[in-house]
Amino acid sequence: MLRLRWTRLSGPVPLFLSQLTNINFLDLSFNNLIGSITPELAKLAKLGALHLDRNKLTGTIPKSFETFIENVPGFYLSHN
């Protein structure tokens, strides 16, 4: 579990997060993340929740997230 909400993170979603292969919960909500969602996050097979809401993300959801969205009930992207 990695909860980094309300921590004033800024810039793009960090690429190193996709290397956390055993993570099951990732909360980056309520920060100032910008840019697009990194497609590599969809490779986190054990992830049961991904909170990216309340940031400043732009663009479309990467194709790699098509099956990810079906398998991860806690996928939040609102208010970007």
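I began with a term I would need later: two strands pair if DSSP finds at least two bridges between them. I also noted at the outset that this is a predicted model.

**Entry: the elements**

I looked up the secondary structure and found one helix and seven strands in the protein chain. I then read the elements off from the N terminus, and they run β-β-β-β-β-β-α-β. The radius of gyration is 11 Å, close to the 12 Å that the globule rule gives for 80 residues, so the protein chain is as compact as a globular protein of that length. I also looked at the C-alpha trace, which spans about 25 × 25 × 20 Å along its principal axes.

Next I followed strand 4, residues 32–35, and found two bridges pairing it with strand 6 in the parallel sense.

How many bridges join strand 5 to strand 7? I found three, with strand 5 covering residues 49–51 and the two strands running parallel. Among the residues here I picked out Leu 50, whose bridge partner in strand 7 is Phe 75.

**Entry: contacts and burial**

I turned to the contacts in the protein chain with a separation of 6 or more, and residues 24 or more positions apart account for 50% of them. For burial I used the cut-off of under 20% relative accessible area. By that cut-off, 39% of the 80 residues count as buried.

**Entry: surface and charge**

What does the accessible surface of the protein chain come to? I noted about 5000 Å², with 55% of it belonging to carbon and sulfur atoms. Last, I checked the charges: the protein chain has 8 positive and 5 negative ones, and their mean positions are 9 Å apart.

Terms used:
Residues numbered from 1 in each chain as written. Predicted model: local features only at pLDDT ≥ 70, side-chain atom pairs only at ≥ 80, totals over all residues. Heavy atoms only, no water. Helix = DSSP H or I, 4+ residues; strand = E, 2+ residues; numbered from the N terminus. Rg over C-alpha atoms; globule rule 2.2 N^0.38 Å. Buried < 20%, exposed > 50% of the residue type's maximum accessible area, 1.4 Å probe, protein only. Contact = heavy atoms within 4.5 Å. Areas by Shrake-Rupley, 256 points an atom, 1.4 Å probe, with all protein chains shown as cover. Lys, Arg positive; Asp, Glu negative; His and termini not counted. Charge placed at Lys NZ, Arg CZ, Asp CG, Glu CD.
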